[in-house]
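Hi everyone, thanks for coming. Have a look at the picture on the screen, and I'll talk you through it.

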Amino acid sequence: DAAGTAYSMNILSLFFATWYVEEMGGTEFAYGVAVSAAMLLSAITMPYLGARIGDRRAAGRYAGVLIGTFFVVTTTAGLGLFRPSMATALVLFAVGLYAYQFACVFYNALLPSIATSSRTGGASGAGTAFGYAGSIAAMIAVQPFLSSDPSRFTRADAFAPTAILTLVLAIPFAIFLRGRGAERPEAPARP
């Protein structure tokens with residue numbers, strides 16, 4: 001959760017839209033089209049993916065999170081390292097947003113392989129707490145990269161550090177959930 005919310009906070013909430021419209025001279029309409037395209041593609045494909053996830057073992061869900069995270073990290077890094085044209089920036093953003101939604105579907109479907117049904121509330125709550133920690137870490141981590149000099153300030157300076165932070169925060173997931181099997185068996189009921 002920390003990796004996803006780091007991306008969500010810095011790219012979706014704080015920096016991309018303002019950078020695209022105010023600094024690049026893009027329009028809110030074009031930004032809205034990019035968001036809408038990613039959401040429309042999500043609306044079309046995610047129900048199918050969600051249904052397919054139910055037919056797969058947790059290893060497939062784990063791989064789905066890693067694939068989505070890979071595209072989130074690479075598209076965000078691309079925005080920061082290459083400073084693309086406005087059109088390319090919107091495509092990278094839309095692909096990253098779709099990949100984020102993609103990873104979320106697989107991530108959420110992993111909960112039964114992490115905790116028994118009697119412990120899913122606690123596991124979900126811990127994930128939410130790590131998510132908030134990721135948001136806070138993301139906002140703090142990019143501050144050294146943002147110039148306080150108004151003539152040099154650009155929100156794009158937050159993109160590459162956000163990609164790196166997202167990758168770093170995803171490492172515990174990749175290490176500790178690797179090889180998780182299917183849903184955990186339920187513990188016997190206590191008398």
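**Two residues and the chain around them**

Let's start with Met86: it counts as partly exposed, because its relative accessibility is 29%. On that scale, buried means under 20% relative accessible area, exposed means over 50%, and partly exposed is in between, with a 1.4 Å probe and protein chains only.

Before I go on, some housekeeping. This is a predicted model, so local features need pLDDT of at least 70 and side-chain atom pairs count only at pLDDT 80 or more, while totals for chains, interfaces and linings use all residues. Residues are numbered from 1 along each chain as its sequence is written, and side-chain values use heavy atoms, with hydrogens and water left out.

Back to Met86. You'll find it in helix H4, residues 86–109. Helices here are DSSP runs (H or I, at least four residues), as are strands (E, at least two), numbered from the N terminus. What does Met86 touch? Setting aside residues up to four places away in sequence, Met86 touches Tyr20, Met24, Gly25 and Gly26. A contact here means heavy atoms within 4.5 Å. Take Met24: it sits 62 residues from Met86 in sequence, yet their C-alpha atoms are 7.0 Å apart in space.

Now for Pro84, in the loop between helix H3 (58–82) and H4. Is Pro84 buried or exposed? It's buried, because its relative accessible area is 12%. Apart from neighbours within four places in sequence, Pro84 is in contact with Met24, Gly78, Leu79, Ala89 and Leu92.

Okay, zooming out. The chain has seven helices and zero strands. Buried residues make up 39% of its 191 residues. If you take contacts between residues at least 6 apart in sequence, 84% of them join residues at least 24 apart. Along the principal axes, the C-alpha atoms fill a box of roughly 70 × 35 × 25 Å.

Finally, how far can we trust it? The predictor's confidence in each residue is pLDDT, from 0 to 100. The chain's mean pLDDT is 89, and 91% of its residues reach 70 or more. Helix H1 (residues 2–23) has the highest confidence, at a mean of 96, and helix H5 (residues 111–114) the lowest, at 82. Do watch residues 181–185, though: the pLDDT there is below 50, and beyond near neighbours in sequence this stretch has 15 contacts in the model.

That's it from me, thanks!
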